[in-house]
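Please look over the sequence and the structure shown here before reading on. The paragraphs that follow go through the model step by step, beginning with a pocket and then turning to the helices.

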Amino acid sequence: MDRMFRVMAFWTGIFTVMFYTGDMMEAALLSLVQTAFFLAIGYLKLSERMYIYIFFSYLTVFMIGFTYYSSFILVPSFGGH
């Protein structure tokens, strides 16, 4: 399970680079923080149960944040410049 957190760190690192080259600095910074989190957790050598608890709590925080953003902050539009 620790390897899967390192795999997630790799992919969030790829997203960090893509967001940075696309000039999306806020998303790049958020993705960089997630990369550092996943990489740090991946090298802790915790038990399988603890990795599952951490992952489920990460998903819970993500869904709460995403729901708040999409409900109260996001302005609906179709490519409005």
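**The pocket and the helices around it**

In this predicted model, the largest pocket has a volume of about 400 Å³. Its lining is made up of 13 residues, and those that lie nearest the centre of the pocket are L30, Q34, Y58, F62 and F66. Helix 1, which covers residues 2-21, contributes at least two residues to this lining, as do helix 2 and helix 3, while the largest share, 6 residues, comes from helix 3. Sorted by class, the lining of the largest pocket holds 9 nonpolar residues and 4 polar ones, with no charged residues.

The axes of helix 1 and helix 2 come within 8 Å of each other and cross at roughly 160 degrees. Because angles over 145 degrees count as roughly antiparallel, helix 1 is roughly antiparallel to helix 2. The crossing of these two helices, helix 1 and helix 2, is left-handed. On the side of helix 1, the residues in contact include F5, M8, A9, F15 and F19, and on the side of helix 2 they include A28, L32, Q34, F38 and L39. The contact of helix 1 with helix 2 consists, by class, of 13 nonpolar, 7 polar and 2 charged residues.

Helix 2, residues 25-42, also packs against helix 3, residues 48-73, at an angle of about 165 degrees, and here the axes are 12 Å apart. That angle makes helix 2 roughly antiparallel to helix 3, and the crossing of helix 2 and helix 3 is right-handed. Q34, F37, F38, I41 and G42 are the residues of helix 2 that meet helix 3, where their partners are Y51, I54 and Y58. The residues of this contact between helix 2 and helix 3 divide into 6 nonpolar and 2 polar, with no charged residues.

What remains is the pairing of helix 1 with helix 3, whose axes come within 10 Å and cross at roughly 35 degrees. The contact is made by D2, F5 and M8 on helix 1 and by Y51, I54 and F55 on helix 3. By class, the contact of helix 1 with helix 3 has 5 nonpolar residues and 1 charged residue, with no polar residues.

Methods: Residues are numbered from 1 along each chain as its sequence is written. This is a predicted model: local features need pLDDT of at least 70, side-chain atom pairs count only at pLDDT 80 or more; totals for chains, interfaces and linings use all residues. Side-chain values use heavy atoms; hydrogens and water are left out. Axes are lines fitted to C-alpha atoms, for helices over the stretch in contact, and angles run from 0 to 180 degrees between N-to-C directions. Helices (H or I, at least four residues) and strands (E, at least two) are DSSP runs, numbered from the N terminus. Angles under 35 degrees count as roughly parallel, over 145 as roughly antiparallel, 65 to 115 as roughly perpendicular and the rest as oblique. A crossing is left-handed if the near helix is turned anticlockwise from the far one by less than a right angle, and right-handed if clockwise. Contact means heavy atoms within 4.5 Å. Ala, Val, Leu, Ile, Met, Phe, Trp, Tyr, Cys and Pro count as nonpolar, Asp, Glu, Lys and Arg as charged, and the others, Gly among them, as polar. On a 1 Å grid over the protein atoms alone, a cavity is a set of points where a 1.4 Å probe fits but cannot get out, and a pocket is an open set with protein on both sides within 12 Å along at least five of seven lines; lining residues have an atom within 4 Å of a point. Grid points are joined across faces, edges and corners, and a volume is the space filled by probe spheres set on the points.
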